[in-house]
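Subject: Structure handed over, with notes

Hello,

The structure is below for you to look at. My notes on what was found follow it.

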Amino acid sequence: MRILVGEGSCGIAAGAGKVYDALSEKINSQSLDVKLSVTGCVGMCYLEPIVDIYLDNGELTRLVKVDEKAVDSIIEYIKTDDIEKVKKLIVSDEDKEFLNKQTRIALRHCGVINPEKIDEYIADDGYKALTKVLTSLSPEQVIDEIKKSGLAGRGGAGFPTWFKWDAARKSKGEEKYLICNADEGDPGAFMDRAVIESDPHNLIEGMLIGAYAIGAHEAIVYVRAEYPLAILRLKEAIRQSNERGYLGKNILGTDFSRVMRIKAGAGAFVCGEETALIESLEGQRGMPRLKPPFPAESGYWHKPSNINNVETYANVAWIINNGGEAFASMGTQDSKGTKVFALTGKIKRGGLVEIPMGKTLHDVIFDIGGGIRDGKKFKAVQMGGPSGGCIPAELDDTLIDYKKLGATGAIMGSGGMVVMDDSTCMVNMAKFFLDFTTKESCGKCIHCRIGTKRMMEILDRITKGEGKEGDIELLEELCISIKDGALCGLGQTAPNPVLTTLKYFRDEYEAHIKEKKCPAGECTSLLTYSIDAEKCKGCTLCSKKCPVDAISGAVKSVHIIDIEKCIKCGNCMAVCKFGAVRCS
Amino acid sequence: MSVNANNRVNLSLLNGVIQEYKSVKGSLITILQNAQDIYGYLPHEVIEYIAKETCIPAARVMGVATFYTQFRFQPVGKHLIMLCQGTACHVNGSNKILDAITAELGISDGQTTEDGLFTIKTVACLGCCSLSPVMMINEKTYGRLTTDKAVKIIRDLRGEKK
């Protein structure tokens, strides 16, 4: 019997570490014949911590939302084989569908193997593609296979991977670099973190194949500093690969030698832009460079460099093993293969979703994600983070395809998919992203530095009820000039959240400006809480739950909210059993 | 640069790091990260010392350090509260959590309480979106927060000291 505890960052945050320790202690003290091990993130984040029990015949019992208190019943189950002991914890058939409806390529090992054991990766076809490449394919043949697959950059822009590799290969120079962009900065996106934490060798193998194809002498992974566990696991994986001869000198006995190292970022969203990332790698402020020259020609230390995202590399070994055509058989005319999304927000079942391109947004949000939580109404989905946009509910039949998503005004993006219900104010959402880009703008070009600031000020005014006639037009004008004038991708796409919300939710902007109302009831400056004297029973619950003691009143007498003290958290409204708290 | 009132910054702790990275081109950020690990923040003396040892002008060292959000120039409180501002947390009400915590502590974002117990800092996405809204205090993650849950966590931590 084998027991796997899912220990990705999400699982650990939900308490998986404690569950593992408790299981380990009991298994050891009772000398049970069980192999306990750690695995990465299976992607069912909403059910963490997850414990998978594999019987010797390969049958899987998946237990979800396991806490320390449940450990005793798991031990009982192991000893007696009586499934009743853990019945309450077994994953429901409905939840099983979350995974059954997915097609996993980039995530194929996630939550299945132990990311800290190279042998488990090797046993599941690991390093097979690298062996094939080094022993039987020329660099040109590798690039050709990637071309056949139609693989495009998964970081968001969707540029054909083979084209970048080919350009870097053809670039003159002995010294070339292959870089992995693991600076996953979009708020609400954690696909790359999951891949590195759960399957680091898959990234290493994909990068080595890329390094062989372009003739890079060194491979570098630039990882966000906010991902300590990913850095730790990748370090260990690199050490193991070196030890086994998959990295270092004369890999697999061939004359191919490569080194790989990790560089931790220091917290700057703009470093996800490839030239800013290069500046940061060189120990500078992460400010983008003018393009051209492109990195393929002049990148890291002005040498030819190729930069791809984690998910892009995570597909490479599979493509070499299964052929480019197999990959290209999935998807649409313009978008091939699968894409990983981080499904979050007001969704019932949130987590990592990998599906073939060409499915609809509805498929992801409703069939896999189970729709909206708490029976509320689906309003919009935000894709592509601060560079992307909000797609309204009525367009949920849009296909997952670079061009189709682009046509809505949003982008495919790196995979953040934040679902919103009717309690989310779209003006406030736009403000949230502008606040983000304003803080993260590196300051190099005027359009981005000052333009986003001015936009932010207007949005702030509108959400505070101080919007005026002409604000919408001014916003639109600023959007266009920033798009046209900004130097890098961050600035050029920064207006997207505003443009898409203006396009689909203009009435909400108008309600804020003209009627001084927030239809979603989210912009606190436009709300006032009060207690209906006729409905209030004086139960005191609201005053107990008020975090700032703004509610006064004796038992069984009508309570009053002190408007000056009130922070409009809405706790009182949520706890009142008599519907006596009003918000207008 | 002014001399810090606290003269006890032991610069020799940095020597190992500087020796290791001094001759490796492009290592300034790595050196700064190591320095912050040692001192908990980047005191002025440390910035000047790194500049002198690496022959990089102090203004440039400072320029790089201030560009990245990871670097701090003031010591932080005993409990560093990092409140996630990711999209999922935002949609699930992280602003209300921030309001409740700042009201409870009487400080605003980025500040430290007078007793040196708490620092509150809003941070970019922590990546625990399914547990949103989320905060991390001294490496421990607290998920599915409500305003009163957040305030209770702070009060419990404060109780620890007394």
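Between chain A and chain B of this predicted model, 16 residue pairs are in polar contact. Across the interface of the two chains there is 1 salt bridge. It joins B:Asp148 to A:Lys545, with 3.4 Å between the closest N and O atoms.

On the side of chain A that touches chain B, several elements give two or more residues: helix 1 (9-13), strand 7 (259-264), helix 12 (274-281), strand 9 (338-345), strand 13 and helix 17. Helix 17 of chain A has the largest share, 4 residues. Sorted by class, this side of chain A holds 27 nonpolar, 14 polar and 10 charged residues.

The contact involves 51 residues of chain A and 41 residues of chain B. Interface size is often stated as the accessible area that is lost when the parts come together. Here the area buried between chain A and chain B is about 3,600 Å², and carbon and sulfur atoms give 57% of it. Of the area that chain A buries against chain B, A:Ala266, A:Arg285 and A:Phe432 supply 15%, more than any other three residues.

One residue to look up is A:Thr424. Where does A:Thr424 lie in chain A? Its place is the loop between strand 13 (416-421) and helix 17 (426-440). A:Thr424 has a relative accessible area of 2%, under the 20% cut-off, and therefore counts as buried. Leaving aside residues up to four places away in sequence, A:Thr424 touches A:Lys346, A:Lys379, A:Met429, A:Ala520 and A:Glu522, as well as B:Val91 of chain B.

Regards

Terms used: Residues are numbered from 1 along each chain as its sequence is written. Chains are lettered from A and ligands numbered from 1 in the order in which they are written. This is a predicted model: local features need pLDDT of at least 70, side-chain atom pairs count only at pLDDT 80 or more; totals for chains, interfaces and linings use all residues. Side-chain values use heavy atoms; hydrogens and water are left out. Buried means under 20% relative accessible area, exposed over 50%, partly exposed in between (1.4 Å probe, protein chains only). Contact means heavy atoms within 4.5 Å. Buried area is the accessible area (1.4 Å probe) that two parts lose on being put together, summed over both. A salt bridge is a side-chain nitrogen of Lys or Arg within 4 Å of a carboxyl oxygen of Asp or Glu. A polar contact is a pair of N or O atoms within 3.5 Å; within protein, one must be able to donate a hydrogen and the other to accept it, and residues adjacent in sequence count only if both atoms are side-chain atoms. Ala, Val, Leu, Ile, Met, Phe, Trp, Tyr, Cys and Pro count as nonpolar, Asp, Glu, Lys and Arg as charged, and the others, Gly among them, as polar.
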